Structures are given as structure tokens and as C-alpha cells.
Amino acid sequence: MLMRIDGKDTGGVGGDWIDVKNPATGVFIDRVPSGTPDDVSCAVEAADAAAGGWKKKTMRERGVILFHAAGLVREQHKDIAKLLTMEQGKPLKEAIDEVRGFACILEYYAGISAHSTGEAIRLGLAGDCMVVHEPIGICGAIIPWNMPVIIMGWKTGPALLAGNTMVLKPASTTPLSCLKLAAILNKAGLPPGVLNVVTGSGESVGAAIVRHPLIGKVSFTGDCTTGNKIRTMASGQSKELTLELGGSDPMIVMDDADIDKAVEGALRGRFYNAGQTCTAIKRLYVHDMIANAFVKKLKVRVEALKTGNGLEPGIDLGPMNSAGQRDLITDMVKDVTENGKGTILTGGYSLTGPSYDAGYFYLPTLVSDVSPDARLLNDEIFGPVLPVVSVPDLDTAIKEANRSRYGLGASVWTTNLATTKRVFDEVHAGIIWVNRHLTVPPEIPFGGMNESGIGRENGSHALESYSRTKTLFLGW
Ligand code: NAD
């Protein structure tokens with residue numbers, strides 16, 4: 001099993017392995033080494049040895065390798081997507097989008113490599129300055145299981161283009177697609193040691209990456225609690241951190257909105273990837289005047305969604321990625337049903353029966369009349385459950401939207417420019433969509449406020465975040 005892409009299999013040093021199973025069927029797919037801190041040290045050594053040569057290449061030369069890798073990913077996208085569906089559970093059509101998205105990210109960074117510039121500052125008699133961007137050195141990347149392929153692209157694309165080497169840890173339930181992509185990057189011409197994948201648990205491999213003194217930056221995507229642990233582990237070290245954490249995105253639908261468009265937006269924004277997306281719509285605030293009509297249409301569309309094994313045709317929702325995730329959702333819905341904190345309009349339970357028993361399926365669920373203290377309105381719902389709250393006006397909608405401790409994304413559905421401006425100015429989130437939710441092309445910066453994290457991924461902002469400026473002062 002691939003452990004480091006320089007061809008040395010350091011895996012299984014301690015002889016332990018992690019079984020990867022299909023969350024739809026429980027069937028064993030493959031196994032990967034359960035890495036140790038020693039494996040991380042080996043990977044850092046390889047990254048350190050490769051750093052000088054990789055940094056010396058021009059950005060355009062590095063971009064060409066990324067572009068070549070994107071081409072190989074496009075050629076093999078069906079096989080990679082199948083692997084992703086098997087380990088993660090998402091429907092094949094979504095897996096194909098995600099794998100193509102990875103290729104788009106590499107193409108985007110390859111494209112901007114030609115425009116990479118520094119800065120010249122003229123200081124008159126005092127002299128002239130030249131400001132250049134240098135790579136940080138060795139970067140660590142820690143990846144979650146929900147969108148492993150896209151998130152690997154968000155980290156490897158800018159980090160490698162900027163001239164860094166990397167040690168990357170995939171999530172334990174979804175390592176296979178990341179390993180496959182690392183092998184493709186290697187085949188595309190990445191020199192040995194530039195990208196090193198170490199599989200294993202967060203507590204062992206993830207923590208060792210955060211603590212390693214030679215790793216200059218860690219980019220972590222995952223849960224807020226883990227993010228806070230990482231902040232603590234990294235404190236006292238001169239390490240840069242990007243933390244892309246959880247979210248509880250509000251969607252605000254005003255009475256002047258195009259209802260059909262908003263219903264389709266809510267459907268995709270909430271139930272894509274079985275609701276396991278950081279910027280999924282997790283709270284819906286709809287204006288009183290249209291609430292009944294809106295909810296009626298949404299319920300019809302939700303009930304038409306087909307849940308099942310993502311490899312089968314026509315499936316809209318796959319399983320939750322693990323029993324633990326399904327149980328978290330079950331508990332959050334029980335908080336409503338057992339404590340009278342809302343009304344289940346549809347769904348509200350796990351699927352059982354011959355086709356479902358071996359998987360972690362949860363039926364798409366709508367909940368109305370949700371009380372403000374329900375967990376559904378206060379914690380992140382990482383699954384296919386949508387609480388709907390009707391609001392009398394925009395003031396209330398904005399106040400409710402900002403009640404969350406998160407601040408990742410938010411959307412407003414309206415045809416009114418003044419409403420748009422107020423939401424943009426007043427709602428606390430890293431991205432505000434108007435008549436849209438969830439779309440994050442590689443060009444735009446992405447990241448959260450408040451407990452949703454620090455730093456930005458994507459776009460030229462990410463490239464900067466994997467670089468340090470260095471200034472040459474010429475005193476004439
Ligand atoms: P998680 O925090 O449990 O795990 C994420 C990664 O961290 C995994 O690789 C895990 O093995 C590793 N890890 C766990 N404990 C660690 C430790 N002590 N030290 C170092 N690494 C450790 O998160 P998850 O359940 O895989 O992902 C779901 C969460 O990710 C949700 O909250 C979701 O909103 C968030 N997310 C955020 C974004 C974003 O861009 N903001 C994108 C996707 C997912």
C-alpha cells in the first residue's frame with residue numbers, strides 16, 4: 001500500500017492496518033497502514049530532502065506538472081470517482097463532479113502560475129525595494145472525509161505551486177481516493193518526496209504533523225473541536241495555521257424571491273452529499289408571507305429524493321459516512337421529537353430493511369416549528385436534516401442568521417437589491433451568496449469567521465497563504 005509517494009512503503013511499521021469499508025454495504029474495499037509519529041518523521045525527512053530542488057523550479061515549471069496531473073485525473077476520472085463513492089458513500093454523479101473539480105483546481109493554479117509576480121517599490125534617494133514570495137517550506141495538510149478529493153485539491157494546488165513540499169493525512173474512512181490522486185501527481189512529474197501521504201488516525205498521525213518542528217504551516221479542515229485541539233497543540237510554535245472548520249449556514253428566503261428557484265436551491269444546498277458538506281444550508285429562514293407555499297413545494301421535492309447505494313443509478317443521497325455520523329443525526333432529531341421542540345414534516349429516521357441494514361442511511365428530513373433552543377438551530381447538522389423557521393421580516397431573519405457561533409457561508413434569496421446589500425453588510429459569514437448556495441469555484445476565496453475558522457483557501461489568497469514575503473532593500 002502506498003505510504004509515501006517516493007516509492008518506499010514505510011507503512012505497517014507497527015504492523016497495524018485500517019480497513020476501509022463501503023458505508024452503503026459494509027463491504028471491505030482495501031486496507032491502509034495505520035501510521036505512527038515515526039512515519040510522519042520519515043515523511044518529513046523526505047519532504048525536507050526534496051524541498052530545495054522543488055523551490056528552485058520556476059513557478060511555471062511547477063504549474064506545468066499540476067496541469068499534466070489535471071489531465072491524467074480527467075482521463076481516469078470515472079475510476080477515481082467510483083473509488084470515492086465506494087469509500088465515502090456519495091452518489092457517483094457527485095463523485096464525478098468532485099473529481100473533475102480537483103482537476104479544475106489544479107488547472108486554475110497552473111493557469112495563475114504564469115502571472116505570479118512580486119513587487120518593486122521605488123523609494124527615491126533612499127533606494128529601491130524588491131518584494132518576492134517565497135515558499136514556507138514543509139506544509140502539513142489534514143483532510144476530512146466529507147469532500148476528501150476537493151479539499152485535497154484546495155491544499156495541494158496552492159501549496160505545491162508556491163514551491164512547498166507537503167505531508168498530507170487523509171481521513172481514516174476515505175484514504176483511498178487521496179492516495180490515488182497522490183500517485184497521479186507523482187506520475188505527472190512531481191519529484192519524489194514533494195508530496196507525502198501518511199495514513200492513520202488523527203490522534204497519532206494528525207497530531208504528529210501538527211507538532212513536528214520542521215513543518216512550517218498546517219492547513220486543517222474538519223470539526224471545530226479538533227480545530228481547537230490543533231490550535232492548542234500549535235501554540236508556542238512558530239507555525240502558521242489555516243483552520244477550515246464547521247458551519248451552520250443560514251438560507252434566508254424573502255417574500256419577493258423566485259420560489260421555485262429557491263426550493264431547488266434549498267434542495268441542493270441541504271441534501272447534496274447527504275448533507276455532509278461544510279457550507280450546506282443548515283438553517284432555513286423563510287418569510288411568513290410565502291412560508292406555507294415554499295414548504296409545501298420543498299416537501300414534495302424532498303420526498304422524491306432517492307436514497308441508496310451511491311453506485312446504483314438514479315440515487316440522490318448515499319449513506320452517512322459512518323455509524324457515528326448517523327447516530328449524531330439521530331440524536332439531534334430525537335432532541336426535537338422527544339422534547340417537543342419541533343414538528344417532523346417528512347423523514348426523521350434511519351432507513352432499515354434488506355437493502356439498507358448494512359449501511360448508514362438516514363432519510364432526508366424537514367422539521368418545522370423548531371424551538372430556538374433545539375440542537376438543530378444551535379449545533380452543526382452534518383446530515384440530511386433541514387430545520388425551517390418562518391420569520392416576519394428581514395430584521396428578524398438577519399438577527400436569527402447571526403445567532404450562530406459559526407460564520408462560514410450564508411445565502412439570501414431575493415430580487416431586491418437593498419435586501420441583498422443589507423444581508424451582505426450585516427450577516428457574519430465568509431461568503432454571502434445571492435440566489436445561490438454551495439457553489440465554490442477555485443477562483444474565489446473560501447473560509448469562515450467566528451468558530452468556522454481562520455484563513456482562506458482557494459484563489460490567489462490561498463497561494464499567498466502558502467508563501468512568505470521577503471524584501472530586498474537596495475540602498476544606492
Ligand atoms: P474531524 O475533525 O473529525 O477530522 C478531520 C481530520 O482531522 C481527519 O483526518 C482526522 O483524522 C484528523 N484529526 C482528528 N483528530 C485529530 C487530532 N487530534 N489532531 C490532528 N488531526 C486530527 O472532522 P470530520 O468529521 O472528518 O469532518 C467534518 C467536519 O469538517 C465538519 O465540521 C465540517 O463542517 C468540517 N468541514 C469544514 C470545511 C471548511 O472548508 N470549512 C470543509 C469540509 C468539512
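A cavity is a set of points, on a 1 Å grid over the protein atoms alone, where a 1.4 Å probe fits but cannot get out. This is a predicted model in which local features need pLDDT of at least 70 and side-chain atom pairs count only at pLDDT 80 or more, whereas totals for chains, interfaces and linings use all residues. Residues are numbered from 1 along each chain as its sequence is written, and side-chain values use heavy atoms, with hydrogens and water left out.

View A. The structure holds 2 cavities of 30 Å³ or more.

View B. Trp154, Thr221, Glu244, Leu245, Cys278, Leu408, Phe446 and Glu457 form its lining, which divides into 5 nonpolar, 1 polar and 2 charged residues.

View C. Ser465 belongs to helix H15, residues 459-465 (a DSSP run of H or I, at least four residues, numbered from the N terminus). Ser465 counts as buried because its relative accessibility is 18% (buried means under 20%, with a 1.4 Å probe and protein chains only). A polar atom of the Ser465 side chain lies 2.8 Å from the backbone oxygen of Ala462. Leaving aside residues up to four places away in sequence, Ser465 touches Ile136, Lys217, Glu240 and Arg456 (heavy atoms within 4.5 Å).

Methods. On a 1 Å grid over the protein atoms alone, a cavity is a set of points where a 1.4 Å probe fits but cannot get out, and a pocket is an open set with protein on both sides within 12 Å along at least five of seven lines; lining residues have an atom within 4 Å of a point. Grid points are joined across faces, edges and corners, and a volume is the space filled by probe spheres set on the points. Ala, Val, Leu, Ile, Met, Phe, Trp, Tyr, Cys and Pro count as nonpolar, Asp, Glu, Lys and Arg as charged, and the others, Gly among them, as polar. Helices (H or I, at least four residues) and strands (E, at least two) are DSSP runs, numbered from the N terminus. Buried means under 20% relative accessible area, exposed over 50%, partly exposed in between (1.4 Å probe, protein chains only). A polar contact is a pair of N or O atoms within 3.5 Å; within protein, one must be able to donate a hydrogen and the other to accept it, and residues adjacent in sequence count only if both atoms are side-chain atoms.
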